[in-house]
Structure formats: structure tokens, C-alpha cells
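I opened the model to look up a few things and keep notes. The entries follow in the order I made them.

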Amino acid sequence: GRNTVFSNLYAALEKAPIVPVITLESCDEAEPLAEALAKGGLTVLEVTLRTPAGLAGISAMKRAAPDLIVGAGTVCAPADVEAACQAGADFLVSPGLTPALSEAMLASGVPALPGIATVSEAMCRAGEGFEIVKLFPAVPSGGLGFLKAISGPLPGLRFMPTGGIKPETAPDFLALENVVAIGGSWMVSASDIRARNWPLIEEKARQAAAMGSNS
């Protein structure tokens, strides 16, 4: 049931709490990219639905590296929830939330991480039953200071901050008690993917995975 679904995600994030946020221009990139990230030691990926290749990319990545947990990002409407689940997404991430999207995400049967940027939003999501929320955009909306401050009034809520986090600041975020993972795109840059530089991506993934292993 619900708990098993979440415990799989938590277990994978414990191994490697850095989640690459991937924008695919073409489905051909999905398999070699998934293999490179998995070889580098990352366990959880987020594929954004910002491009037409996103949905097919999720399915292709899961086929290429069956041990990876592959989620859909930029989920903005109930139709996106349905499409992502049909593509086999293991979890859902949204930039923010509407009442209709909240309902669809909670009913989806997969872990859903809605985006929040304020304390009130965080309280609403916790009240609706969401266990992990995405602080987005993390750095512009208060970053480390916000996360430290909110842990007092909302100690039970877990965060995956995403947006503006760099390799230099990632360890500071991971050190916070209420941070279960961070999202970042530095190890999956558009230029590296376009150049099909899989060895470099694997190396960046390995450095990212190493960051999380000592926390």
C-alpha cells in the first residue's frame, strides 16, 4: 500500500539524496543518460514534462536501468498526473499546487511532492497529507534560512529543495534535518546531454552521490 510506495522512495534517497532534474530534448538520450547516472551511483531521477520527450523518456529510462526510481517533474494539471502514471512514473513532483492537482496527486497511488514557497503552503500540504514537499524555487524563496526556520513550527514535514542549488551549496542543504533530498541539474546540463558526453555525466553523478553518502 501507500507506506511501501513511500518506503521505496525513502530507501533510494537514503542511498543517494541528490536527485538530478532532467529535461530531455529527445527520447534517444533517455537510455544512455539513465545508464550513466545509475553507474555514477544515483538512485532517484526526476524527468520534467517540459518537453514532448519527457513521458516517453520516463518509460525508456525505467527499461534501461530498472533499479532506478524515475519520477515526473513539472506536473501541473490532473492530466499530467494521469499521463505520468501511465508512463510508469514512480513519483510526481509539481512546481506548486492547485486544489484539482492536489486531489489528483493524492489519489494517484504514487508518492507526490508538491512545490511550496511559503509557510502557509507548507502547513496546507501537511494538512492534506503530503509527507515530502518540494521547496521551489529553493534559493530565491529563502533557501537554507527558510528551511532552518520552518523546522521549528513544522518539525514533521520533509523537504526536497530544488532550484538554484549548486554543488558548492548542496552539502549545506543535505546537512539539514528536515531535508530528505535535493534536486539539481548541474550533473545533467543541457550542453553535456547534447554532446552525449556520458562519461562526464557519470563522473558528475559520482561526485554528487559521494556528497550524500557522508551526511
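I started at P137, which lies in the loop between β7 and α7. Helices (H or I, at least four residues) and strands (E, at least two) are DSSP runs, numbered from the N terminus. This is a predicted model, with local features needing pLDDT of at least 70 and side-chain atom pairs counting only at pLDDT 80 or more, while totals for chains, interfaces and linings use all residues. Residues are numbered from 1 along each chain as its sequence is written, and side-chain values use heavy atoms, with hydrogens and water left out.

Which form does the peptide bond from F136 to P137 take? I found it cis, with omega near -10°.

Next, the strands beside that loop. I noted an open sheet of three strands in the order β6-β7-β8, with parallel pairing. (Two strands pair if DSSP finds at least two bridges between them.) β6 (115–116) and β8 (158–159) are the edge strands, each pairing on one side only. β6 joins β7 (residues 132–135) over two bridges. I116 has L135 in β7 as its bridge partner. Helix α7 (residues 143–150) packs on this sheet and touches β6, β7 and β8. Its direction makes about 150° with that of β7; such angles run from 0 to 180 degrees between N-to-C directions, and axes are lines fitted to C-alpha atoms, for helices over the stretch in contact. Contact means heavy atoms within 4.5 Å.

I then checked two positive phi values. T74 has a phi of about 55° although it is not a glycine. I found T74 in the loop between β3 (69–73) and α4 (78–86). Is T74 buried or exposed? T74 counts as buried because its relative accessibility is 18%. (Buried is under 20% relative accessible area, exposed over 50%, partly exposed in between, with a 1.4 Å probe and protein chains only.) R196 also is not a glycine, and has a positive phi of about 50°. R196 lies in the loop between α9 (190–194) and α10. At 41% relative accessibility, R196 counts as partly exposed.

Last, I looked at helix packing. Helix α2 (residues 30–39) packs with α10 at an angle of about 35°, and their axes are 7 Å apart. On the α2 side I listed P32, L33, A36, L37 and K39; on the α10 side, W198, I201, E202, A205 and R206.

I also looked up M61. Leaving aside neighbours within four places in sequence, M61 is in contact with I22, A30, L33, A34, L45, V47 and V70.
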